Amino acid sequence: MPYYRYLTLPIAMAAVSLSAAPAVAQNRSFDIAAQSATRSIPLFARQAGIQLLARGDVVQGKRTRAVRGIHSVDDALRLLLRGTNLIARRQDDDGATYVIEAVSEHVGTGDDGGEIVVTGSNIRGAEPTAPVTVVTAKDIARSGFTTPDQLIRSLTQVGTSSAATGFGGVNAALNTEAAFEGGALTLPDGSLPNSVSAGSGINLRGLGEGGTLVLLNGRRMAAAGASGGQGVDISTIPLNAIERIEILSNSASAVYGADAVAGVVNIILKNGYRGFDMTVRYGLSQTSADDASIVASGGFNWNSGSLMLSGSYRRDDPVLIARLDGPIGDQRSRGGKDFRSQRCSLGEPGNLPVFILPANSGRPRTCVYGPAGPGTSLTAADFIPAAQAGEVRYTDYRSVELTPSSDNLAFSGTLSQTLVGSWTVDISGLWSQRTSLARIQPASGSILVPATNPFNPLGRPARTYYDFRGEIALGTFPRTLQSSTFTSFGGSIGSRVKLPFGNWRAAVDATFSRNITRGYTTGLNAAALVAAAADTNRATALNLFGDGSAQNPETLKKLVSRRDFPRWISEDRQLVARADSTLLTLPTGEIRAAVGGEYRNPVITRTLSTGVRLVADGTYSRAQYAAFGEVQIPLIGKDVAFPGMRSLVVTLAGREDWYDRIGTVDSVHAFTKRAGVGWEMVKGLTVRGQYSTAFRVPYNDQLFAPQTNSNNRVNDPKFGGQTVVTTFRTGGNPMLDNQTSKTWSGGGELSLFNRIVTLSADYYNIHYRNLVFRPSADDFIQIEDLYPQYFRRAAPAAGQSAGVLEFLDNIPINAATFKSSGIDARLNVRLPENRLGSFNLNVQASEVLTRKRRLLPRTEETDLRRNLLFGSPFSLRGTLDWSKGAVGAILAVNHKSGTDNPVFGAKVLTVGSITTLDAQLRVKMGERTGLMQGTTLSMGATNLLGTRSPFLDSDYGIDFFRWDPRGRVVYLTIGKNF
């Protein structure tokens with residue numbers, strides 16, 4: 001065994017053990033230079049008068065900060081280990097012994113957060129009363145994923161997300177009456193699988209991206225503008241810059257304010273890194289969606305601070321529809337439907353030219369089909385009626401890209417500096433840009449072909465639907481594209497200082513973030529299409545009677561024009577001040593508290609699009625203020641303990657949020673609270689529970705969308721269900737209230753054999769109320785008496801009980817409820833190193849017990865437990881990591897149980913389960929000399945066996961809500977430390 005494997009003995013011998021009260025509570029004088037951890041830890045133990053225990057492999061290669069001056073032991077330890085990814089926790093009740101661990105040692109992937117995790121509390125080292133999952137930099141490197149959203153989606157608590165559906169998809173599923181119409185899968189927001197911004201959000205517990213709060217270094221980020229303010233796009237954050245990701249899968253509005261309904265995802269960037277490293281990767285995809293990336297990081301430390309800079313570039317190729325394994329369009333061979341266009345019944349093309357006569361809306365209408373070929377010398381006799389053509393279906397998806405190609409560039413930096421004593425300043429910044437491009441099928445439209453068209457042999461005007469598939473196959477049609485650029489940048493500056501009175505420590509953080517989404521599409525220009533069809537010049541006229549081989553290329557070029565999408569600018573300014581301290585020391589332990597205040601001003605600017613021009617901007621800005629407090633009270637512990645009750649800690653938190661009035665939207669406030677308890681029955685067995693409330697403010701489009709009036713039909717129950725025509729108003733609703741939730745959770749953790757085996761399980765129950773929902777008019781009118789403010793009727797005529805409906809406000813309302821409950825379980829087995837190497841087994845599983853939604857009062861609840869849009873009811877991920885010396889390997893299994901695809905009517909189609917394997921082999925050449933010194937080679941695969949998507953009865957036949965359309969990805973990564 002290498003000599004540095006364990007430093008426990010020499011460090012223990014160097015330490016001087018004193019009682020906890022003098023060692024921890026008293027201030028001591030320190031004079032420790034910045035140096036290697038193997039030297040600084042024994043030196044610190046001597047100067048602090050405590051015992052420090054650490055494994056050699058944990059601290060090997062780490063460099064600690066300088067600590068000088070008079071500090072308490074706890075404060076000095078934090079300064080010493082700052083930026084090292086090491087933590088110190090007390091091993092005994094008297095505080096005389098500390099154990100130094102890496103973050104992953106204490107919490108690891110799928111393990112519980114323990115006392116070191118700060119996400120979910122404003123008190124340093126607070127006892128957690130809800131589970132926190134921590135994904136470390138080591139976990140990230142061994143996962144094989146290339147973006148944070150891919151990594152987080154592998155966790156079992158995460159439902160379907162906008163990486164597949166596009167921003168707004170899952171939120172709309174939560175707030176939309178029907179996501180499936182006519183037996184065909186239709187995304188709730190009507191988008192293609194790839195959204196305009198190609199962004200990705202996080203969806204904990206299936207509550208939508210808007211119900212998950214995403215933080216960067218514990219601070220808010222600007223919501224992606226193209227999401228309407230619903231979610232944060234994390235896909236552009238470079239993985240190599242991330243130190244760890246903490247996932248709190250429980251509501252936390254009492255700490256963070258709005259949006260933390262399902263939980264919090266806190267992405268923490270690296271800080272205090274020393275050295276320079278570079279990593280290159282190339283991945284080969286089963287569906288041509290290859291990826292390539294290069295990342296570099298560098299940093300150095302000095303006695304009082306550190307600086308780190310990081311940069312990355314990543315290229316992702318598109319998923320080609322033609323490379324998907326299975327039939328496209330016609331799913332009858334797999335027991336599904338034929339989704340291809342059906343000749344004249346839908347007015348769309350078959351695999352022969354089809355024309356509708358007469359060209360106007362006259363009746364009867366007749367469809368005639370022309371022969372295959374260039375269509376340059378046809379006569380009317382060449383066309384046959386539908387009866388002779390038989391069943392002709394054809395839709396060409398070969399040129400469509402399921403996901404866009406993208407180029408991602410990012411730079412980040414962190415600076416930390418101790419100014420005087422314990423006063424430290426941290427500065428961080430992140431700039432990123434993603435440019436995406438997808439080839440899309442040009443929209444086929446109704447084209448009137450005049451009798452004067454030189455290729456028209458019918459002798460009269462005809463109407464056709466033409467999609468240029470022949471020209472696309474020949475490569476003569478200009479590419480029709482959808483492109484977007486998402487640019488995000490932001491920075492923060494934070495200051496931390498120990499106050500001169502008591503044990504108070506204060507922190508002030510100022511944050512600014514901004515993102516801009518620009519996009520455009522190129523497609524058919526309707527005016528140019530009409531002009532080309534009406535052209536009488538045979539050399540330049542559009543030929544709609546053949547297979548596209550005889551078209552004039554210059555004519556085709558003129559048919560395509562550019563249209564800009566709305567431009568979104570989203571900004572977020574935040575100022576947070578907080579302080580925490582030990583208020584009182586009792587025989588049972590320390591009563592600790594935190595208080596603070598917050599100012600925040602999110603701003604979203606939208607540039608509207610009219611036709612092909614961009615017009616007036618709309619800006620939505622709303623100031624927010626908050627005050628919060630938190631206290632942790634030890635009822636049992638330390639010197640007061642009983643059999644079966646080693647410690648009992650209660651935490652209480654409360655927060656008041658105020659939102660300014662804006663336009664016609666009134667000012668609102670929300671008070672949220674949390675109560676938690678942690679009960680250590682015996683050493684290694686802890687039980688916990690929590691009750692909390694949370695809220696979410698309606699997003700901008702729900703409040704401020706322009707209102708318009710139109711005449712529509714509705715079945716009026718007060719007149720026997722008679723269909724009446726009345727005025728509908730649609731758009732935003734400035735009178736909307738907050739969406740609120742209550743969450744109960746409880747669970748426990750069992751640690752055995754000195755934490756070699758750790759098992760935990762937690763139950764949660766969420767009741768989400770007042771969800772914003774726009775009901776259908778026919779459903780809404782059934783409960784008119786509950787919402788009379790949205791209806792206006794004329795005075796009743798003689799002998800009638802109700803007047804004629806004159807007006808219906810068909811705008812979003814607070815009406816829906818959502819209930820979800822489930823169990824999360826985690827198992828971690830970490831075997832000490834032996835002659836076979838070291839082994840680490842992690843298993844996490846989540847089971848949804850109930851998931852129900854009621855859209856309107858007096859309506860039945862809908863069971864969504866197995867609904868495809870909300871994810872699988874059971875998910876499991878297990879990893880087995882082995883290492884011996886410089887060689888290591890990891891094997892991961894991912895399982896998602898089957899779901900249901902509800903279609904029009906009562907029919908429900910089952911979508912199968914998904915089980916995939918990931919694997920990686922790595923070799924570290926750190927002991928070698930020469931060019932390969934400090935080099936790590938990793939080769940692996942995600943979806944190693946190339947598992948196909950379960951069949952979903954839709955055009956593509958794949959379940960892109962849960963299955964990664966890249967299929968199997970085999971990758972090679974080369975990293976080098978300099």
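Figure 1. Ser432 is a residue of strand 22, which covers residues 423–439; helices (H or I, at least four residues) and strands (E, at least two) are DSSP runs, numbered from the N terminus. The model is a predicted one, in which local features need a pLDDT of at least 70 and side-chain atom pairs count only at pLDDT 80 or more, while totals for chains, interfaces and linings use all residues. Residues are numbered from 1 along each chain as its sequence is written, and side-chain values use heavy atoms, with hydrogens and water left out. Is Ser432 buried or exposed? Ser432 has a relative accessible area of 1% and is therefore buried; buried means under 20% relative accessible area, exposed over 50%, and partly exposed in between, with a 1.4 Å probe and protein chains only. The side chains of Ser432 and Thr236 are joined by a polar contact of 3.0 Å. A polar contact is a pair of N or O atoms within 3.5 Å; within protein, one must be able to donate a hydrogen and the other to accept it, and residues adjacent in sequence count only if both atoms are side-chain atoms. Leaving aside residues up to four places away in sequence, Ser432 touches Thr236, Leu409, Ala410, Phe486, Thr487 and Ser488, where contact means heavy atoms within 4.5 Å.

**Figure 2. Thr740 in strand 37.** Strand 37, made of residues 739–752, holds Thr740. Thr740 has a relative accessibility of 25%, so Thr740 counts as partly exposed. Residues up to four places away in sequence not counted, Thr740 touches Ala694, Phe695, His767, Tyr768, Arg769 and Asn770. Thr740 and Leu771 are 31 residues apart in sequence, and their C-alpha atoms are 7.8 Å apart in space.

**Figure 3. The largest nonpolar core.** A nonpolar core is a set of buried Ala, Val, Leu, Ile, Met, Phe, Trp, Tyr and Cys residues joined through side-chain atoms within 4.5 Å. The largest one here has 71 residues, and Ile237 and Ile245 touch the most other members. Strand 38 (residues 757–773) gives the most to this core, with five residues. Which residues does Ile245 touch, not counting residues up to four places away in sequence? They are Thr133, Val134, Val135, Leu151, Ile152, Val265, Asn266 and Ile267.

Figure 4. Two strands pair if DSSP finds at least two bridges between them. Strand 8 and strand 13 (residues 242–248) run antiparallel and are joined by five bridges. Val132 has Leu248 in strand 13 as its bridge partner.

**Figure 5. Strand 42 and its partners.** Strands of a sheet pair through backbone hydrogen bonds, either parallel or antiparallel. Strand 41 (residues 813–834) is paired with strand 42 (residues 837–854) in the antiparallel sense over 16 bridges. With two residues between them, strand 41 and strand 42 form a hairpin. Leu827 has Val843 in strand 42 as its bridge partner. Strand 42 also pairs with strand 44 (residues 874–884), in the antiparallel sense over 10 bridges; here Ala845 stands opposite Leu876. Two bridges link strand 42 and strand 43 (residues 862–863), again in the antiparallel sense, and Arg853 stands opposite Thr862 of strand 43.

**Figure 6. The two faces of helix 14.** Helix 14 covers residues 526–534, and its buried residues are Leu529, Ala532 and Ala533. Seen down the helix axis, these buried residues fall within an arc of 100°, so they line one face of helix 14; the arc is that of the directions from the helix axis to the C-beta atoms. The face turned away from the buried side carries the exposed residues Ala527 and Val530. At the start of helix 14, a side-chain oxygen of Asn525 comes to within 3.0 Å of the backbone nitrogen of Ala527.

**Figure 7. Confidence along the chain.** The average pLDDT of the chain is 81, and 83% of the residues score at least 70; pLDDT is the predictor's confidence in each residue, from 0 to 100. Residues 1–25 have a pLDDT below 50, and this stretch has 59 contacts in the model beyond near neighbours in sequence. Residues 162–195 also have a pLDDT below 50, with 111 contacts beyond near neighbours in sequence.
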